[in-house]
Amino acid sequence: MSPRHNRPRGGENPPEGPRGVPGRFGLESTEEWQGEDWKVRHVAGASAVGKRYRCPGCDQEIPSGTPHLVAWPEYGGVDDRRHWHKACWNAKDRRTTKVQRSRNAPRH
């Protein structure tokens with residue numbers, strides 16, 4: 001019996017996760033949210049060492065080097081990109097529209 005190979009053979013498409021989102025980092029997909037098409041890209045976080053992002057879904061900081069995703073409106077610019085925890089993006093329809101912050105909370 002030959003050993004099992006877990007790598008895809010040439011010409012095969014990468015596996016897809018839930019809702020058609022590619023399961024590999026760096027690949028983009030398009031999702032509809034709030035009547036707009038949004039581009040969604042999974043990032044490994046390794047290139048963001050030392051950078052700090054705040055998730056708009058939970059208002060918590062995404063630790064440096066943590067895998068997460070970046071989402072922006074399809075026709076938006078670089079300034080419209082937001083870094084989300086994957087779970088927060090998946091729960092975005094179940095969350096309130098306005099996150100309450102204290103007066104002294106940092107706005108990253």
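Student: In strand 5, which residue is the bridge partner of valine 43?
Tutor: In this predicted model, valine 43 has histidine 68 as its bridge partner in strand 5. That bridge belongs to the pairing of strand 2 with strand 5, which runs in the antiparallel sense over six bridges.

Student: And what does lysine 39 pair with in strand 5?
Tutor: The partner of lysine 39 there is tryptophan 72.

Student: Strand 2 has another neighbour too, I think. In what sense do strand 1 and strand 2 pair, and over how many bridges?
Tutor: Strand 1, residues 28–33, pairs with strand 2 in the antiparallel sense, over six bridges. Within that pairing, glutamate 31 is bridged to tryptophan 38 of strand 2.

Student: How many residues are between the two in the hairpin?
Tutor: Two residues lie between strand 1 and strand 2 in the hairpin, and glutamine 34 in the turn has a positive phi of about 55°. Glutamine 34 has its positive value although it is not a glycine.

Student: Is glutamine 34 buried or exposed?
Tutor: Glutamine 34 counts as exposed, because its relative accessibility is 58%, and the cut-off for exposed is over 50%.

Student: Which residue in the loop between strand 3 and strand 4 also deserves a look?
Tutor: Aspartate 59 is placed in that loop, between strand 3 (53–54) and strand 4 (61–62). Its phi is near 65°, a positive value in a residue other than glycine. Aspartate 59 is buried, with a relative accessible area of 12%, whereas glutamine 34 is exposed at 58%.

Student: Back to the strands. How many of the residues of strand 5 are buried?
Tutor: Six of the six residues of strand 5 are buried, so that the strand is mostly covered. Both of its faces are covered, with His68, Val70 and Trp72 on one side and Leu69, Ala71 and Pro73 on the other.

Student: What about the whole chain, what percentage counts as buried?
Tutor: Of the 108 residues of the chain, 27% count as buried.

Student: How do strand 5 and strand 6 pair, and over how many bridges?
Tutor: Strand 5 and strand 6 pair in the antiparallel sense over three bridges, and alanine 71 stands opposite arginine 82 in strand 6.

Student: Where is histidine 83, then?
Tutor: Histidine 83 is in strand 6, which covers residues 82–84. It counts as buried, with a relative accessibility of 17%.

Student: Switching to pockets: how much space lies in the second largest pocket?
Tutor: About 190 Å³ of space lies in the second largest pocket. Its lining has 13 residues, and the closest to its centre are Val43, Ser47, Tyr53, Val70 and His83. Strand 2 (36–43) and strand 5 (68–73) are the elements that give two or more residues to this lining.

Student: Which strand gives the most, and how does the lining divide by residue type?
Tutor: Strand 5 gives the most, with three residues. By type, the lining of the second largest pocket divides into six nonpolar, four polar and three charged residues.

Student: Now the cysteines. How many disulfides does the count come to?
Tutor: The count comes to zero disulfides. The sulfur of cysteine 55 is 3.7 Å from the closest cysteine sulfur, that of cysteine 88, and this is too far for a bond because the two sulfur atoms would have to be within 2.5 Å. Cysteine 58 is in no disulfide either, and its nearest cysteine sulfur, in cysteine 88, is 3.7 Å away.

Student: How accessible are cysteine 55 and cysteine 58?
Tutor: Cysteine 55 counts as buried at 1% relative accessibility, while cysteine 58 is partly exposed, with a relative accessible area of 22%.

Student: Last one: where is leucine 27 found?
Tutor: Leucine 27 is found in the segment before strand 1, and it is partly exposed, with a relative accessible area of 33%. Its C-alpha atom is separated by 8.3 Å from that of valine 40, a residue 13 positions apart from it along the chain.

Student: What pattern does the chain follow along the sequence?
Tutor: The pattern is β-β-β-β-β-β-α, and the secondary structure comes to one helix and six strands.

Key
Residues numbered from 1 in each chain as written. Predicted model: local features only at pLDDT ≥ 70, side-chain atom pairs only at ≥ 80, totals over all residues. Heavy atoms only, no water. 1 Å grid on protein atoms, 1.4 Å probe; cavity = no way out; pocket = protein on both sides within 12 Å on 5 of 7 lines; lining within 4 Å. Points joined across faces, edges and corners; volume = space filled by probe spheres on them. Helix = DSSP H or I, 4+ residues; strand = E, 2+ residues; numbered from the N terminus. Nonpolar A, V, L, I, M, F, W, Y, C, P; charged D, E, K, R; others polar. Pairing = 2+ DSSP bridges. Buried < 20%, exposed > 50% of the residue type's maximum accessible area, 1.4 Å probe, protein only.
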